[in-house]
Amino acid sequence: MSDATQSSEWKPTACNLCYANCGILVQTGGENGRHIVKVKGDKNHPVSKGYTCNKALRIDYYQNGKDRLSTPLRRNEDGTFEEIDWDTAISEVASKMKAIRDEHGGDKIFRYGGGGQGNHLGGAYFGSVSSALGMKYKTNALAQEKTGYGWIMARMFGGNVHGEIHHAQTVFIAGKNPWQSNGFQRARIAIRELSKDPNRTLIVMDPRLTETAEFADIHLPVKPGRDAWATSAMIAHILQEDLVPRDWLAEHAVGVEAVLERFKNIPVEDYANYAGLDPADVKKAAEAIANANTAAHYEDLGIQMAPHSTLGSYLNFLLMAVTGNFGRPGTMAVLSQLTGPFFGMSDIGPDDENGYETGHKKSPVTGARIVGGLVPCNTVPDEILSDHPNRYRAMWIESGNPAHSMADSHKWREALRALDLVVVIDVAMTETAREAHYVLPASSQYEKWEATFFNFEYPENVHHLRAPVLEPVGNTLSEPEIHARIFEALDVIDPASLEPLKEAAQKGLAEYSDAFTQFVSGDPNMFKYLPYVLYRTLGPSLPDGAAAASFYWGMAQRFAMTNPEGVKRAGYEGEGAQLGNALFEAIIAGRSGTVFSIEDENEGFAKVGFDDKKLRLNIAEMLDEVEALGDMTDLVELDSDFPLILAAGERRSYTANTAIRNPDWMKSNDAISMSIHPEDAAAAGLKDGGRAKVVTHAGEAEVLIAHDKRMKPGTLSLPNGLGLLYPDETGKDKLTGVSVNELTSLRFKDKYLGTPFHKFVPARLEAV
Ligand SMILES: Nc1nc2c(c(=O)[nH]1)N[C@H]1C(S)=C(S)[C@@H](COP(=O)(O)OP(=O)(O)OC[C@H]3O[C@@H](n4cnc5c(=O)[nH]c(N)nc54)[C@H](O)[C@@H]3O)O[C@H]1N2
Ligand SMILES: Nc1nc2c(c(=O)[nH]1)N[C@H]1C(S)=C(S)[C@@H](COP(=O)(O)OP(=O)(O)OC[C@H]3O[C@@H](n4cnc5c(=O)[nH]c(N)nc54)[C@H](O)[C@@H]3O)O[C@H]1N2
Ligand code: SF4
Ligand SMILES: [Mo]
């Protein structure tokens, strides 16, 4: 890279603002050559193919925040931070963590985060540190949205399932607004195409008339929190009208009888009415799924952060399964992930003969269910603010902002302050970093090798390793380097033992593969430290300074071993380690994304996690909850003190979790205002553009009012990721918008996985 202030070269990378991670091309330059000055979609990216939404153009606001960290910081007694050098930071952090491990045990050191919407590569290198400290418990943002969904996928399919939205004839989108939040590739184009095609049907279930719902053939404006009734009514209608492929079910599923039994007496019309829907629409939607050649569904936070969230995920999958929409092109499929499955067989205990799970992994203090290796985020403060002997004593936080983004910021701050040691690795001085004892500055995602492990495409699966496009700012380091230095300070392996591997790496991958086999057969214990070993031995030999890509060698080898056919279909040749090496070389050479496997769509059942390759439809806990719906009572009842339902955390055109902190990136107030239906506003005497106070069980905040006819009466909506502290022109911290988790509580959460009900926060409005 040069220091020139302008480059006319277009460099490939990806947008890091949502988990679609569109491939983009950027030009760098501007002041000190440190800016991303131009951005366009990368047509060579195998899945985004040149697509971006409005946000990618503004990633320089992420890259060049005024509150970017540039040097390690240590907190003083008086709460101020002092700049320290890296050697001091590394040795103090390592020795303090070691002391906590020695006195209380490594399982009292907790890990939060490790990656956001655009960055998972660095977090992977923490594995060696975690092993060296004997750590056991961790979590990240997935455990406040996707763990209920993951648990259901594991129990029904034994793996991660994804809908082929781009090809299905009928698409059912529940609690998701992809027009704004994307989440699948080329979302706006895909929605337009679907809507235009007379042979395809788009069904959107959302209380709001979202931008996506406007394109729908059938919009189901469900009452918040009552999706379970709506979806149960759809399934009941299909079963009662016998619109099911009986032979297909007999061949591919077990537990069908229990499902038929449970749904046969459900009063479809009553359930639809209770869900606030016209029964005719519910039946029409059900038939559009049952009668289609192919159907797929996509759900997100409107299901996963609302009452009955785990049940909601179950019902959505059940709807697809009873209609035979699995394992064929254009339906639902079990994915292959380069990293191994996010959620899979290791996440569930065996079912008993009635279909109930027996035994599951538990967190040490509250006994909360662990899925995907993740402790439910809503229980973490309780696992710290306790006198239980197993309480967590220290926390590593990397690429996450839990003091802002997790339910109940009050409790999270209290919990962080109760810990003996908090170490934060971030690019910016976040709300969480402010609570840390040590803050370690990471290079940004455009200054280092980076990637996300969210690869959800099917049948062609794509991975995108990104090369840096800018020089690192200040004294920052990449996470792989930070973790390697911490690991070395923990002093667990003799550096001399790595020399043969380093030498072999210089000779080539084939030599390295052999040397590696020898190395681990000499000491199988070394597998625990794999990321570190690869980084320091294979890393230095990789082209273009791509040491951070060394971790792919292990991933590519494992993936090629477990899925050789998929890898070969993608065009790679060789057997055993050779095939893995071919895949590895392609991934590290590809700058715009690499197809790493192509699945056989006609072998859709081969990837089902159970030995008999059959879907499990009887999840007994869920069928019990379906039965309980018969009482027609809300899980969270509204009382007269809090008569409105606040959806705390809507995705809008200028929100990106907390990746961008500078409020100037937003082009309108739309990003910070609270939406309310004009009728509700009139009843409360609130003018468009006026101010009001919103009050919840947990707190209150002053909000800007925006009248919005898209809203369902009785509901309110505030954007997510706002209310961040950011320095103004004078350098003083200024707050823009509302920090929604000052308003949310830890206790409103899912019964099974503890995911919060952020879309269902009882609230009231008061004049200011
Ligand atoms: N612009 C932007 N895009 C993003 C992000 C961002 O911050 N900004 N964040 C990314 C992340 S981390 C995620 S997880 C995704 C989330 O993506 P989405 O889930 O699409 O995001 P939300 O806007 O939180 O919620 C989706 C919808 O749920 C609806 N909803 C509320 N209550 C209910 C209910 O009870 N039932 C139903 N059926 N629907 C309900 C809301 O009206 C809303 O339209 O977005 C990703 N993309
Ligand atoms: N009430 C309410 N709360 C919500 C939501 C909601 O809808 N309502 N949505 C939730 C959802 S779905 C999610 S996913 C979470 C997201 O919550 P978090 O997981 O906390 O994610 P982010 O806010 O994206 O924070 C990512 C952090 O990574 C830092 N960062 C960026 N790049 C790098 C890097 O290269 N290295 C390092 N080390 N750090 C980096 C950023 O500065 C930021 O502090 O928020 C959740 N919170
Ligand atoms: S924010 Fe927009 S451009 Fe960026 S990854 Fe998501 S969809 Fe793509
Ligand atoms: Mo998320």
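Me: Before we start, what does contact mean here?
Reply: The model is a predicted one. Two residues are in contact when they have heavy atoms within a set cut-off. That cut-off is 4.5 Å.

Me: With that, which residues is Val 473 in contact with, leaving aside its neighbours within four places in sequence?
Reply: Val 473 lies in the loop between β18 and α19. Close sequence neighbours are left aside. The contacts of Val 473 are then Arg 34, Gln 63, Arg 68, Ser 70 and Glu 447.

Me: Is Val 473 buried or exposed?
Reply: Buried means under 20% relative accessible area. Val 473 has 9% relative accessibility. Therefore Val 473 counts as buried.

Me: What distance separates the C-alpha atoms of Val 473 and Asp 624?
Reply: Along the chain, Val 473 and Asp 624 are 151 residues apart.

Me: Where does Ser 443 lie, and which residues does Ser 443 touch?
Reply: Ser 443 lies in the loop between β17 (438-441) and β18 (460-463). At 2% relative accessibility, Ser 443 counts as buried. Not counting residues up to four places away in sequence, Ser 443 touches Arg 68, Val 427, Lys 448, Pro 472, Thr 476, Leu 477 and Ser 478.

Me: Which kind of peptide bond joins Tyr 458 and Pro 459?
Reply: Pro 459 has its place in the loop between β17 and β18. For the bond from Tyr 458 to Pro 459, omega is about 0 degrees. The bond is cis.

Me: Which residues are closest to the centre of the second largest pocket?
Reply: This pocket holds about 730 Å³ of space. Its lining has 34 residues. The closest to the centre are Val 47, His 166, Gln 185, Glu 457 and Tyr 458.

Me: How many residues of each class are in the lining of the second largest pocket?
Reply: β8 (161-163), α7 (187-196) and β18 each supply at least two lining residues. Sorted by class, the lining has 14 nonpolar, 12 polar and eight charged residues.

Me: How many cavities of 30 Å³ or more are there, and what is the space in the largest?
Reply: The count of such cavities is five. The largest has 15 lining residues, with Ile 660, Arg 661, Gly 721, Leu 722 and Leu 724 closest to its centre. Its lining divides into eight nonpolar, six polar and one charged. The space in the largest cavity is about 110 Å³.

Me: Why do the buried residues of α18 sit on the same side?
Reply: Helix α18 (residues 409-418) has the buried residues Ser 409, Trp 412, Ala 415 and Leu 416. They lie on the same side because they cover an arc around the axis of only 120 degrees.

Me: What covers the buried residues of α18?
Reply: Both helices and strands take part. The cover includes β6 (109-113), α16 (380-384), β15 (394-398), α17 (402-405) and β16 (421-426).

Me: At the start of α18, which residue has a side-chain oxygen that reaches the backbone nitrogen of His 410?
Reply: The oxygen comes to within 3.2 Å of that nitrogen. The residue is Asp 408.

Me: His 308 and Asp 491 both have a positive phi; is each one buried or exposed?
Reply: Phi is near 60 degrees in His 308 and about 60 degrees in Asp 491. His 308 is in the loop between α14 (301-304) and α15 (309-322), whereas Asp 491 lies between α19 (479-490) and α20 (499-507). At 9% relative accessibility, His 308 counts as buried. At 60%, Asp 491 counts as exposed.

How values were computed:
Residues numbered from 1 in each chain as written. Chains lettered and ligands numbered in written order. Predicted model: local features only at pLDDT ≥ 70, side-chain atom pairs only at ≥ 80, totals over all residues. Heavy atoms only, no water. 1 Å grid on protein atoms, 1.4 Å probe; cavity = no way out; pocket = protein on both sides within 12 Å on 5 of 7 lines; lining within 4 Å. Points joined across faces, edges and corners; volume = space filled by probe spheres on them. Nonpolar A, V, L, I, M, F, W, Y, C, P; charged D, E, K, R; others polar. Buried < 20%, exposed > 50% of the residue type's maximum accessible area, 1.4 Å probe, protein only. Helix = DSSP H or I, 4+ residues; strand = E, 2+ residues; numbered from the N terminus. Arc of directions from axis to C-beta. Polar contact = N/O pair within 3.5 Å; in protein donor to acceptor, adjacent residues only side chain to side chain.
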